[in-house]
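Hi,

Here is the structure I promised to pass on.

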Amino acid sequence: MESLLFFLLLSLLFHVSCASQSLRSNFLPCMVSHSLPSSQINQLVYSPDSLSYSSILHSSIQNLRFMNSSSPQFIITPQSETHVQAAVICSRNLGLGVRVRSGGHDYEGLSYKAAGPFVIIDLVNLRKVSVSLDTSTAWVESGATLGELYYQIATRSSTLGFPAGVCPTVGVGGHFSGGGQGTMTRKYGLASDNVLDAIMVDANGTILDRESMSEDLFWAIRGGGGASFGVILSWKIKLVPVPPIVTICNVPQTLEQGATKLAHLWQQIAPKLHEDIYMRVIITLANNTKGEKTAQALFNSLYLGTIQQLIPLMNVSFPELGLAAKDCHELSWVQTFAEGESIKVLMNRSHEIKGYFKGKSDYVNQPIPESGLEGMWKVFLEGESGVMIWDPYGGKMSEIAEDETPFPHRAGILYNIQYFNKWEEAGVEAQRKHMEWTNNIYNYMTPFVSKSPRRAFLNYKDIDLGRNDENGNTSFSQAGFWGQSYFKNNFKRLALVKGRVDPSNFFRDEQSIPPLR
């Protein structure tokens with residue numbers, strides 16, 4: 001019996017090995033035949049036999065929870081549009097799935113892992129940024145990071161910026177296609193609200209721009225997640241005015257210093273502040289004056305102007321905070337992302353320290369009462385490394401209709417909550433402990449956040465909301481559990497667009513849009 005099992009196992013391994021060798025012998029010639037220039041292909045396609053395979057695979061995996069969860073048949077690092085076309089065509093012809101990676105920050109690792117045989121199209125070489133001062137626009141390739149985009153804008157102009165996220169190592173591709181919020185969201189809307197055009201490769205390997213892709217598809221990729229519809233190569237964005245000097249302020253308050261009352265007031269004030277003021281709350285663990293464990297709420301703000309202009313505004317709008325000039329400092333818009341270093345650090349794609357992490361999100365449309373906050377602190381203090389970030393909405397966000405793009409969280413939303421837990425220790429027990437805290441704080445917040453559906457932000461992807469099957473296939477009704485959370489009533493339109501442009505569901509993953517026909 002044991003010898004029979006050994007023979008069957010050996011036979012299975014032999015067939016798997018033969019299948020892998022067959023794929024490798026067919027994939028490369030296919031790439032060569034569909035690429036221009038074809039001479040580069042050998043340097044752009046990596047199989048597990050390649051010396052650089054592991055280093056390239058792991059280069060931008062930001063979440064160490066998934067460091068050993070990915071074994072693609074090939075990694076393609078295209079240098080031109082035709083390389084991407086070839087990767088799509090050849091993967092489809094050979095029955096391989098496709099994952100597209102720009103910065104590797106996908107919270108659930110869906111840009112670089114899959115259940116079945118697949119390839120990664122890593123856009124690291126497609127990161128050119130072209131700024132036009134005449135039109136106040138820019139073309140940015142999806143492989144660029146936000147830091148690279150901000151740096152290139154700043155080297156051309158001190159009075160232009162772009163309303164996107166605060167983490168400079170995040171890739172443009174996933175950020176824009178998921179919405180992209182940041183410190184100028186209340187003034188100018190999301191990153192996706194300021195996209196004017198895009199170039200992509202669809203499931204047939206065809207290159208499309210806004211004119212040729214149809215307005216429905218252009219609508220879908222601006223907040224609906226580009227990975228469900230194709231490979232977004234580049235984006236044309238509208239740059240926005242910023243003053244030469246902006247102001248950053250930080251006011252930390254522990255529980256003992258009155259954080260509860262201030263956080264309660266903040267909920268009612270921050271969404272109604274002048275749209276030039278973006279004041280978020282960052283909740284972390286800290287020690288009080290006695291050295292005891294406590295929670296701290298950091299009131300962190302960006303003002304598009306000087307300290308002298310800001311203080312009078314805050315004295316009228318939020319006098320309880322007691323904001324003073326000593327809490328603030330002036331700098332240029334681009335310096336707000338460099339954290340005190342030279343802005344050249346924004347060109348470093350890998351300066352962020354990697355770790356194990358889990359994220360979740362919520363939206364709040366009614367202020368949480370002080371009693372609710374007091375209960376929240378108790379659960380929060382049970383953790384060891386978690387963070388809650390409250391990002392205010394209002395301003396421009398309330399002026400945009402919820403069906404203008406797939407991102408529906410607009411008028412009536414006070415703020416977005418991100419639950420983020422990052423830890424350093426490896427192992428199953430460490431992960432269980434930290435994931436349990438994340439779930440506990442999320443579950444506690446249930447009565448105080450949006451309902452029917454409980455909303456979530458696509459950029460903070462959360463597989464706990466629901467998933468397609470391992471091969472990415474699911475029904476529209478099954479996917480509705482998570483689809484409604486991210487997109488509300490826009491989910492059906494997204495599925496109809498998917499059914500038209502990718503009816504065979506080639507571009508799919510555990511939370512991709514299912515085709516509806």
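Predicted model: local features only at pLDDT ≥ 70, side-chain atom pairs only at ≥ 80, totals over all residues.

Residues are numbered from 1 along each chain as its sequence is written, and side-chain values use heavy atoms, with hydrogens and water left out.

**Disulfides**

There are 2 disulfides in the structure, a disulfide being a pair of cysteine sulfur atoms within 2.5 Å. One joins Cys30 to Cys90, with an S to S distance of 2.1 Å. Cys30 sits in helix α1 (residues 2–34) and Cys90 in helix α4 (residues 81–93), so this pair ties together parts that are 60 residues apart in sequence. (Helices here are DSSP runs of H or I with at least four residues, strands are runs of E with at least two, and both are numbered from the N terminus.) The link is left-handed, with -95 degrees about the S-S bond. Both Cys30 and Cys90 are buried; buried means under 20% relative accessible area, exposed means over 50%, and partly exposed is in between, using a 1.4 Å probe and protein chains only.

The other disulfide is formed by Cys249 and Cys328, again with the sulfur atoms 2.1 Å apart. Here Cys249 belongs to strand β12 and Cys328 to strand β15, so the pair ties together parts that are 79 residues apart in sequence. This link is right-handed, at 105 degrees about the S-S bond. Cys249 counts as buried because its relative accessibility is 1%, and Cys328 counts as buried at 10%. Counting bonded cysteines along the chain, the pattern is 1-2, 3-4.

**Around β12**

**The five-strand sheet**

There is also an open sheet of 5 strands, paired antiparallel in the order β5-β6-β10-β8-β9. Its edge strands are β5 and β9 (207–208), each pairing on one side only.

Side chains in a regular strand alternate between the two faces of the sheet. In β5 (residues 129–132), Val129 and Val131 make up the covered face, and Ser130 and Ser132 the uncovered one. β5 is joined to β6 (residues 137–141) by 4 bridges, and the two run antiparallel. Ser130 stands opposite Trp139, and Ser132 stands opposite Thr137. The hairpin of β5 and β6 has 4 residues between the strands, and Ser136 takes a positive phi near 55 degrees there.

**Empty spaces**

Rolling a probe the size of a water molecule over the atoms shows where empty space is left. The search ran on a 1 Å grid over the protein atoms alone: a cavity is a set of points where a 1.4 Å probe fits but cannot get out, a pocket is an open set with protein on both sides within 12 Å along at least five of seven lines, and lining residues have an atom within 4 Å of a point. Points are joined across faces, edges and corners, and a volume is the space filled by probe spheres set on them.

How many cavities of 30 Å³ or more are there? The count is 1, and the largest cavity holds about 30 Å³ of space. Among the residues lining the largest cavity are Thr183, Lys187, Asp276, Tyr278 and Leu304. Its lining splits into 5 nonpolar, 1 polar and 3 charged residues, where Ala, Val, Leu, Ile, Met, Phe, Trp, Tyr, Cys and Pro count as nonpolar, Asp, Glu, Lys and Arg as charged, and the others, Gly among them, as polar.

The second largest pocket has a volume of about 250 Å³. Of the 16 residues that line it, Leu96, Gly97, Pro117, Asn471 and Arg508 lie nearest its centre. Strand β3 (residues 97–101) gives the most to this lining, with 3 residues. The lining of this pocket divides into 7 nonpolar, 5 polar and 4 charged residues.

Cheers

Technical notes. Pairing = 2+ DSSP bridges.
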